[in-house]
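Hi,

Here is the structure I promised to pass on. Please open it beside this email, and I will walk you through what turned up.

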Amino acid sequence: MPAINGDAVLELRDVQKTFGSTAAVDGITLSVSPGEVFTLLGPSGCGKSTTLRIVAGLEELDAGEVLLGGRLIASGARGFSLPPERRDLGMVFQSYAIWPHMTVFENVAFPLKLRGVPKNVTQSRVEHVLDLVGLSGLGSRGATDLSGGQQQRVALARAIVYEPKLLLLDEPLSNLDAKLREHMRIELRALQQRLGIAVLFVTHDQAEAMVLSDRIAVMQSGRLEQVGTPVALYERPASPFVRDFLGRVLTLEVCLRSAERAEAPGEAGVVFQLPPGCSRAVDGTSKLVLAWRPENVSIEPDSAPGLNRLSAIIESAAYLGERIEYGVRTAGGRSMLVVSTRQNRYEPGAMVGLRVDTSEATLWPGE
Ligand SMILES: Nc1ncnc2c1ncn2[C@@H]1O[C@H](COP(=O)(O)OP(=O)(O)OP(=O)(O)O)[C@@H](O)[C@H]1O
Ligand SMILES: [Mg+2]
């Protein structure tokens, strides 16, 4: 577990960067604790890479401050920015750029050579990290005579060989195929935990972020929308953007009937029991939206509408192996996708009930 009260490895204070009229980074404040994986997650163009490049020293900031291990390394007000090679950082970027004309060993040894580390120390350090990333014995191999996943590990080994305080990873798994990517996710997390190194990670893939991170910052248009653990963001999203960005979500417009109950206009006979405290958050709003995750809905053979239950018809069924995705249409004419296990199969045309576990639902002002 990352140290909660330890001094931050990295701190950003109101960092800003504008390109022409684009505010790529629009006032970002965050801190990364020792041993923590902190992830910037957001759609393309939201400013993730620019933030990372500012930390690396590859981009100068317009305003704000960056501190590494408590030491100021960049300041907009002072017009000061420490050059990249003098920051104690390891980096792996999207195009991981291992050097093709060098062997695996030479690739990994390169940062040590730059720093004038003696040969015998280099030899044992490189062997050690190659072992850590599962490439021992491959040091003399040409760097490009490796699989994609192995090349990825060379890039990682090169980034950690001089034991930096912080590792910056910008979509480091994006060049890999889906299967290898899932495997490397888990390996990367295990390696990070073994090394106890802090990581600032960038991705637009929410599953990758959930698996790898201690905390995630969801980013939009150069700003942080919400920062929290994967569980907190998934279960208690603070905005519709975060709610919809992390995993799938089903929404239904409802009207509040009392503090505990809501009904869905057009869905005759359907009443939803709201989680305690839910309605208080949206007092004074007449149009409301109830949102839940697909796993909070189950399909039942009894199609009668009622408490927490919508009447619906199965329109389509997609068999995906471990689960079936049903396209359904409610009695009120709303279409939605419901995920179910293989245990109970329904054919298109079947009348069913959709039971919503509303204790897991969230209530929002109308959109
Ligand atoms: N050198 C540059 N010159 C001009 N505009 C830039 C430059 N670098 C980035 N931008 C713009 O800044 C914004 C943020 O870019 P950035 O690369 O940080 O996004 P990102 O979140 O990493 O996106 P992606 O997921 O596609 O990699 C974008 O609108 C981009 O077009
Ligand atoms: Mg990027």
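**Around ligand 1**

Let's begin with the ligand. The residues around ligand 1 are Phe19, Thr22, Ala24, Pro43, Ser44, Gly45, Cys46, Gly47, Lys48, Ser49 and Thr50. Please keep in mind as you read that this is a predicted model.

Which classes make up the shell around ligand 1? Four of its residues are nonpolar, six are polar and one is charged.

Three of these neighbours are worth a look at the atom level. A backbone N or O atom of Gly45 sits 2.7 Å from an oxygen atom of ligand 1. Gly47 also brings a backbone N or O atom to an oxygen atom of ligand 1, at a distance of 3.0 Å. With Lys48 it is a polar side-chain atom that lies 2.8 Å from an oxygen atom of ligand 1. On its own, ligand 1 has 640 Å² of accessible area, and the protein covers 59% of that.

If you colour by secondary structure, look for β2 (22–32) and α1 (48–56), the elements that give two or more residues to the shell around ligand 1. The largest share, three residues, comes from α1.

**Enclosed spaces**

Next come the spaces inside the protein. Rolling a probe the size of a water molecule over the atoms shows where empty space is left. How many cavities of 30 Å³ or more does the count come to? The count comes to two.

The largest cavity holds about 80 Å³ of space. To find it, select Val37, Leu167, Leu169, Leu188, Arg189, Leu191, Gln192, Leu195, Ile197, Val199, Phe201 and Leu212, which line it. Two or more lining residues come from each of β8 (166–170), α5 (178–195) and β9 (198–203). Helix α5 gives the largest share of this lining, with five residues. By class, the lining of the largest cavity has ten nonpolar residues, one polar and one charged.

The second largest cavity has a volume of about 30 Å³. Val92, Gln152, Leu156, Pro172, Leu173, Met184 and Leu188 form its lining.

What volume of space lies in the largest pocket? The figure is about 520 Å³. There are 21 residues lining the largest pocket, and those closest to its centre are Leu89, Met91, Trp99, Arg158 and Tyr162. At least two lining residues come from each of β7 (89–92), α2 (104–114) and α4. Strand β7 gives the largest share, four residues. The lining of the largest pocket divides by class into 15 nonpolar, two polar and four charged residues.

The second largest pocket has about 210 Å³ of space. Its lining is made up of Met102, Phe105, Glu106, Ala109, Phe110, Leu112, Lys113, Val117, Pro118, Lys119, Thr122 and Gln123. The largest share, six residues, belongs to α2. Seven residues of the lining of the second largest pocket are nonpolar, two are polar and three are charged.

**Two single residues**

Gly327 is found in strand β18 (residues 324–330). Is Gly327 buried or exposed? Gly327 counts as buried, because its relative accessibility is 11% and the cut-off for buried is under 20%. Between the C-alpha atoms of Gly327 and Asp170 there are 36 Å, and the two residues are 157 apart along the chain.

Ala143 has its place in the loop between α3 and α4. Ala143 counts as buried too, because its relative accessibility is 0%. Ala143 and Ser124 are 19 residues apart in sequence, and their C-alpha atoms are 19 Å apart in space.

Notes. Residues numbered from 1 in each chain as written. Chains lettered and ligands numbered in written order. Predicted model: local features only at pLDDT ≥ 70, side-chain atom pairs only at ≥ 80, totals over all residues. Heavy atoms only, no water. Near = heavy atom within 4 Å. Polar contact = N/O pair within 3.5 Å; in protein donor to acceptor, adjacent residues only side chain to side chain. Areas by Shrake-Rupley, 256 points an atom, 1.4 Å probe, with all protein chains shown as cover. Nonpolar A, V, L, I, M, F, W, Y, C, P; charged D, E, K, R; others polar. 1 Å grid on protein atoms, 1.4 Å probe; cavity = no way out; pocket = protein on both sides within 12 Å on 5 of 7 lines; lining within 4 Å. Points joined across faces, edges and corners; volume = space filled by probe spheres on them. Buried < 20%, exposed > 50% of the residue type's maximum accessible area, 1.4 Å probe, protein only.
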